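Hi everyone, thanks for having me.

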Amino acid sequence: MVGDKTLIEASDVMQKAMRKSDHIRRWSGEEFLMILRSSDLEAAKHVAQKLKGTLEQFQFSVVGKVTASFGVTAFRAGEDFNTLLSRADKALYLAKKNGRNRVESIT
């Protein structure tokens with residue numbers, strides 16, 4: 001219950017900090033998937049850094065403060081969704097391996 005409430009709050013906080021054309025959805029467990037339209041890798045990393053900072057500053061109702069790790073990549077022409085998702089997942093696990101509460105990217 002506490003975890004679900006925190007995840008809902010995190011989703012709301014991130015959605016409000018994103019552009020109207022961007023989308024965020026809970027992917028699995030404590031993971032979210034964000035689709036940033038018309039954004040290259042550098043722009044996506046900037047958004048992730050902004051969201052990381054926004055989450056760090058937010059006072060969650062039940063748990064207080066939280067941190068987040070982000071894995072960022074960009075779509076390559078001709079690739080399928082699973083390949084893109086696999087690369088994003090690798091970037092996320094790199095962020096977790098390198099100390100958490102950070103943004104990592106894979107080109």
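For 107 residues, a compact globule would have a radius of gyration near 13 Å, and this protein chain has 14 Å, which agrees. That radius is taken over C-alpha atoms, and the globule rule is 2.2 Å times the number of residues to the power 0.38. Please keep in mind that this is a predicted model, where local features need pLDDT of at least 70, side-chain atom pairs count only at pLDDT 80 or more, and totals for chains, interfaces and linings use all residues. Residues are numbered from 1 along each chain as its sequence is written, and side-chain values use heavy atoms, leaving out hydrogens and water.

What pattern does the protein chain follow along the sequence? The pattern is α-β-β-α-β-α-β, so helices (DSSP runs of H or I, at least four residues) and strands (E, at least two) are numbered from the N terminus.

Now to helix α2, residues 41-57. At 1.5 Å a residue, its 17 residues should span 24 Å, and the end C-alpha atoms are 25 Å apart, which agrees. The expected span is 1.5 Å times one less than the number of residues.

Which residues of α2 are buried? They are L41, A44, V47, A48, L51, K52 and L55. They cover an arc of only 140° around the axis, which puts them on the same side of α2; the arc is that of the directions from the helix axis to the C-beta atoms. Buried means under 20% relative accessible area, exposed over 50%, partly exposed in between, with a 1.4 Å probe and protein chains only. The face turned away from the buried side of α2 carries exposed H46 and Q57.
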